[in-house]
Amino acid sequence: MKKKLFAGSKGTTENKKMKSILLWVFEIAVVLVLAAVVSIFFCQSIVMQEGSMEPTLATQDKILINKVIYKIKDPQRGDIIAFKNSPEDHASIHIKRVIGLPGEKIQIKDGQILINGKTYMEKKDFPQISNGGLAEQTITLGKDEYFVLGDNRNNSEDSRYGDVGNVKKKYIVGKLWFVISPRSKFGFLES
């Protein structure tokens, strides 16, 4: 009788080990699937190719783009966005900061940004703008348009210039949210 009890115990122990291993394999599979879904929808990475966002982002910084957020809510003033100038798949991606929101009137006068006639006071200390470009005259944004500027205000091709102009929401790829390299900047990107 002891042999049967011992043999039964051995079978139960093996079953527990097998269940534990299967559970472990299942958990790993779920994590891998979730990681793939997150990387496909949330984490397109991009490398800065220009200095227009200095000092916030420098050339060769690698950043993750949240491609879903603007399907849930609209871009906010101060967000750093990635966008294209056209719907073509091979169109280059630009990175700038949202300044003007749909329906607003934007003007750059005496180096200051005016939104609906009032001076916009930014959270960060950016240089005074030396060239207002198209925004020297008041620009009225359409219902789906955003006015963007590079943080390197005097060395950035942005909404002040005809090649970029106002950015339509349908051309916005997503919001930049996490710096993955260099290691010294690793972490969430502050708007």
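**Contacts, burial and backbone in a predicted model**

User: Setting aside neighbours within four places in sequence, which residues is R153 in contact with?
Analyst: R153 is in contact with R97, I99, I113, E122, F126, P127, I129 and R160, once neighbours within four places in sequence are left aside. Contact here means heavy atoms within 4.5 Å.

User: What sort of model is this, and how are residues numbered?
Analyst: It is a predicted model, in which local features need pLDDT of at least 70 and side-chain atom pairs count only at pLDDT 80 or more, while totals for chains, interfaces and linings use all residues. Numbering starts from 1 along each chain as its sequence is written, and side-chain values use heavy atoms, with hydrogens and water left out.

User: Back to R153. Buried or exposed?
Analyst: R153 has a relative accessible area of 1%, so it counts as buried (under 20%; exposed is over 50%, partly exposed in between, 1.4 Å probe, protein chains only).

User: How many helices and strands does the protein chain have?
Analyst: The protein chain has 2 helices and 12 strands, in the order α-β-β-α-β-β-β-β-β-β-β-β-β-β.

User: Compact globule or more spread out?
Analyst: More spread out: the radius of gyration is 25 Å, well over the 16 Å from the globule rule for 191 residues (C-alpha atoms; 2.2 Å times the number of residues to the power 0.38). Along the principal axes, the C-alpha atoms fill a box of roughly 95 × 35 × 30 Å.

User: Give me an example. What does L189 touch?
Analyst: Not counting residues up to four places away in sequence, L189 touches T56, L57, I63, I80, L176, W177, F178 and V179. T56 is 133 residues from L189 along the chain, with 8.7 Å between their C-alpha atoms. L189 belongs to the segment after strand 12 (187-188) and is buried, at a relative accessible area of 16%.

User: I80 was in that list. Which residues does G174 contact?
Analyst: I80 is there too: beyond four places in sequence, G174 is in contact with I65, N66, K67, Y70, I80, I81 and A82. G174 is part of strand 11 (residues 172-181) and is buried, with a relative accessible area of 2%. I46 lies 128 residues from G174 in sequence and 11 Å away, C-alpha to C-alpha.

User: Which non-glycine residues have a positive phi?
Analyst: Among them are Q60, at about 80 degrees, and D110, at about 55 degrees. Q60 is in the loop between strand 1 and strand 2. D110 is in the loop between strand 5 (105-109) and strand 6 (112-115).

User: Is D110 buried or exposed?
Analyst: D110 is exposed, with a relative accessible area of 65%.

Notes: Helices (H or I, at least four residues) and strands (E, at least two) are DSSP runs, numbered from the N terminus.
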